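Here is a short tour of one protein model and its ligand. Look over the sequence and the fold before reading on.

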Amino acid sequence: MTTPWPDDTARAYRAAGLWTGEAIASGLPRWAELRGDRVAVTDEETTLTYGELAGRADRLATGLRGLGLRRGDAVLLQLPNTVAFVEVLLACLRIGVAPVLMLPAHRDHEMGAIGAHVGVRAVIVPDEWRGYDHEALAHRVRPEGASVIVAGRPHRAGSVALDDLAAGPAAPIEDPPTGSDVAVYLLSGGTTAVPKVIARTHDDYGYNVRRAVAACGYTSGTVYLAALPAGHNFPLANPGILGTLRAGGRVVMRSSPRPDVFFAAVERERVTDTAAVPAVAVRWAEAASESPYDLSSLRTVQVGGSMLAPEVIAAIGPALGCAVQQVYGMAEGLVCLTRADDSPAVRTGTQGRPISPYDELRVIGRDGRPVAPGEEGELLVRGPYTPRGYFRAPEQNAVSFTADGWFRSGDVVRIVDGSVVVCGRVKDLINRSGEKIAAGEIESLVQELPAVAEAAVVAVPDPVVGERVCAVVRLRPGHRLDLDEIRVHLGQRGVASFKAPERLVVVDDLPRTPVGKPDKAAIRALVGG
Ligand code: OOB
């Protein structure tokens, strides 16, 4: 199921105080006592103090238990950036029910496969979001016997309203989780045929959050804006939502990274910290000069999730009037970041150093041996918050992890004076605005079209989103195909729309490797990637 850390390693992490055995939200009653009437979380409609948030989360936890959910169960959580997201997350963490953090853009294809893979007991969705009926989606994808819980107004028989679940009194928590229980399931960038899901324990994820808070200096004065989808590891825990709540700060939830929404939120809430993927940070920076809003409260914008040139990084801070912190992280664990007291060269030219002194990084060459210091190679990683395997994926684990527990990141990096510089990748995915899309997943879907004899999917560079999905296909004799047909097909198959190819190139034959497989490097070169 989940590959545990070896016993002696786990003992060492506990002995060193990294793993505390405490559940992530176990401090909630204490927070309510100490910070009772300070605001914990706010969105465009609702504001909750720490006292109210703790009360809501505990009543909801009781409601979830009333539905039969128990410690060790899993649920699909697909909510936009709202107060409801935070309430549900904390309620789940309190009772040891682990949410699988889906994105609002996910559809039948992703929700169905992942819900079945993890064996979820409930699907938690908004009633409707951006004109899409998520309640209907939840009913289509829910595994047999799983409940459908709806934030907002449910209109289908068999749905349960989130507000009704939180309506009763809170009961004491009978069977609270411990450190080795799963806290959340994160999705790996780029799902394959078998979804790559990462089970993060209360011990490991809690440690991750504490280290991120320490490295970024979050305090009760921090006002954090969650503008990236909250289910992403970056805005969730680095330090993000969980880190801000731990530090006693205020979390501002906004579901769009649009510059006007961002600027208005910063001015209204006096936001001090936020996180963005490069494409979003660049849009903010470009729009800032024309913005009438007061951005003077901004302290730091974190930028990470995909590559960005040092000159572009260097321009973002001055445009927004704040510091920029680079973050290189992954749902699988390791997080690196630049620090406020690093030299300008390190802050612009590297993606930072690990948040824990216990993180082990190794850079290997094609021969599998460590490269000379400062040379490029694939990054392998191990550590106290980098799990030793994907959830229920023995075949994938044999490929992605070494026998002695190192995770093969698929990223090509150099390490210079302890800081990581990301140079490229060996994994076959497209990084569109920080969203990772597995080439193989889209290739199989495109291949289903009757006109297609063979398909390869590659990234083409793009000034706005970094990379776009390009399908390169060889057609069956006498057939034609256009981009719309591919996009319609993927839509019908219930695939999240951000994964759909945005370019199509038809070729007589695909370039091949000596063994006859499509040569991805040559195909990328062919389409200018
Ligand atoms: C974050 O997490 P994921 O799981 O969506 O994606 C991880 C992958 C990395 O392996 C790398 O390929 C890429 O995203 N990446 C970067 C990067 N940060 C992530 N590539 C270049 N420069 C960077 N700064 O993307 C994530 C998780 C936690 C914090 C920040 C990002």
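Helices (H or I, at least four residues) and strands (E, at least two) are DSSP runs, numbered from the N terminus. The model is a predicted one.

**Around the ligand**

The ligand is surrounded by 22 residues. Gly189, Phe234, Gly329, Met330 and Ala331 are the closest.

Strand β16 gives the largest share of the shell, 5 residues. What classes of residue make up the shell? There are 8 nonpolar, 11 polar and 3 charged residues.

**Nonpolar cores**

In soluble globular proteins, nonpolar side chains tend to be buried together. In this model, the largest nonpolar core has 141 residues. Val75, Val100, Val123 and Tyr185 touch the most other members. Helix α4, residues 83-95, gives the most to this core: 11 residues.

Take Val100 as an example. Leaving aside neighbours within four places in sequence, Val100 is in contact with Ala74, Val75, Leu76 and Leu77, among others. Its contacts also include Ile114, Val118, Val120, Tyr185 and Val197.

**The annotated C-terminal span**

UniProt, in an unreviewed entry, lists residues 441-517 as "domain: AMP-binding enzyme C-terminal". The end C-alpha atoms of this span lie 17 Å apart. Residues 441-517 are 22% helix and 32% strand.

How values were computed: Residues numbered from 1 in each chain as written. Predicted model: local features only at pLDDT ≥ 70, side-chain atom pairs only at ≥ 80, totals over all residues. Near = placed C-beta within 6 Å. Nonpolar A, V, L, I, M, F, W, Y, C, P; charged D, E, K, R; others polar. UniProt positions renumbered as here; feature names shortened; annotations may be inferred. Core = buried A, V, L, I, M, F, W, Y, C linked by C-beta atoms within 7 Å. Buried ≥ 20, exposed ≤ 12 C-beta atoms within 10 Å, placed from the backbone. Contact = placed C-beta atoms within 7 Å.
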